[in-house]
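Hi,

Here is the structure I promised to pass on.

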Amino acid sequence: MNKKKTKIPRYIITTVSGLESAAEREIKQGITDIKVLTKSSGLLAITTSAKPSTIRRFRFINNAFLCLNEYQETNTTNLLQSVKNVMPHVSDLSRLFEFVPKTFRIVVSHENEIIRPDQAARNQLEHHISQSTKLSLDIHEADIEFWLIIRREGFSFWTIRLTRTRHKTHPGELRPELANMMGTLAHLNKSDVVLDPFCGFGAIPFEIVRNFAIQECIAFDKDPQTIHRIQLTATHERLPIKAQTIDIQQMSLPDRSIDAVITDPPWGMFHQLAEGVDEFYRVMIEQCARVLKTEGRLVLLTGAKEIASKLLNESDQFVIKEQYDILVSGQKAILIVAVRK
Ligand SMILES: C[S@@+](CC[C@H](N)C(=O)[O-])C[C@H]1O[C@@H](n2cnc3c(N)ncnc32)[C@H](O)[C@@H]1O
């Protein structure tokens, strides 16, 4: 962690745990006057003159918050008392959201878990916010959310959330922000043909074709049901996705025809891989090496960390460029960016 007690950050940005440095680097490419005041697991506290709308545009972040104050304190009840002294002006809220918010609720995040704080302290704060901002309390569908973010590192932030909840994912489906970071790390170009040979519900292909300029995305999976659903959506939305039911063992794409493979293969933890995890990953890496062009990128997310790293390190066909130890739904995983020789 890098913590300097200077001034109050303007924004708090949360990311997948382990991807904060990658997020920092990418945000700096888009915003030049950014200063990172605090960086810790899955969190960046920054100052910049950039508007909330600019911050919201980075789709690889989990959430962005406007920071109202920072505290060197982690006791929830004390914090709920202290934050009463820091209330936004109603006119500032309208400017932040480009609509006039009418309702609010309070969310308390304690060491990355949403908790229910002491009822009396919360009631008092809710009453105080209603009085000072003229917003009404709505604990279900509020226009704006005040977040008290309490970190295990010993500091806390009182904030307003700028981002909206994105669509709910199916169990096993990748979060769109992680799919977006994978696309970002692949440095895609508009002539690129991208392959996801284990597309599942299609989180990677959909994120890639909707948010990056590429030629097309080829989406394979051995499960015909998920492929059928992807085909329907792709046709309906006229997306450049070619989805097909194909087992990686039978993948017959031409050699050296793909610019980037971006994929989240089975981890071998939740469903047994008949041939064993080592053999499965060996075949997968061999197939990726076969179809990728020279300088083609492989962006691989997996919980089979040791096996994937070992096979790629030993491979004389790839050079590992970047490697991130991350947490995906509480599970340790690795995100590897490798380049085909
Ligand atoms: C971790 S999931 C991918 C999840 C996906 N990224 C999503 O967001 O839904 C792995 C996928 O690999 C598929 N799969 C497993 N073995 C396969 C094989 N031999 N060939 C092709 N696909 C396979 C599974 O059906 C599953 O959809």
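Before the helix pairs, a word on handedness: a crossing is left-handed if the near helix is turned anticlockwise from the far one by less than a right angle, and right-handed if clockwise. Please keep in mind that this is a predicted model, in which local features need pLDDT of at least 70 and side-chain atom pairs count only at pLDDT 80 or more, while totals for chains, interfaces and linings use all residues. Residues are numbered from 1 along each chain as its sequence is written.

The domains come first. In the interface, 10 residues of domain 1 contact 12 residues of domain 2, where contact means C-beta atoms, placed from the backbone, within 7 Å. The domain 1 side has 5 nonpolar, 3 polar and 2 charged residues. Here Ala, Val, Leu, Ile, Met, Phe, Trp, Tyr, Cys and Pro count as nonpolar, Asp, Glu, Lys and Arg as charged, and the others, Gly among them, as polar.

Now the helices, which are DSSP runs (H or I, at least four residues) numbered from the N terminus. Helix 6 (residues 176-185) packs on helix 7 (residues 203-211) at about 65°, with 9 Å between the axes. Axes are lines fitted to C-alpha atoms over the stretch in contact, and angles run from 0 to 180 degrees between N-to-C directions. The crossing of helix 6 and helix 7 is right-handed. Pro-176, Ala-179, Asn-180, Met-182 and Gly-183 of helix 6 meet Ala-203, Ile-204, Glu-207, Ile-208 and Asn-211 of helix 7. That contact has 6 nonpolar, 3 polar and 1 charged residues.

Helix 9 (residues 277-291) and helix 10 (residues 305-314) pack at about 45°, their axes 10 Å apart. This crossing of helix 9 and helix 10 is also right-handed. On the helix 9 side, the contact includes Tyr-281 and Ile-285, and on the helix 10 side Leu-311 and Leu-312. By class, the residues are 7 nonpolar, no polar and 2 charged.

Finally, the ligand: 18 residues surround it, the closest being Leu-174, Phe-198, Gly-200, Phe-201 and Ala-203. A residue belongs here if its C-beta atom, placed from the backbone, lies within 6 Å of the molecule. This shell divides into 9 nonpolar, 3 polar and 6 charged residues.

Best wishes

Methods. Helices (H or I, at least four residues) and strands (E, at least two) are DSSP runs, numbered from the N terminus. Two residues are in contact if their C-beta atoms, placed from the backbone, lie within 7 Å.
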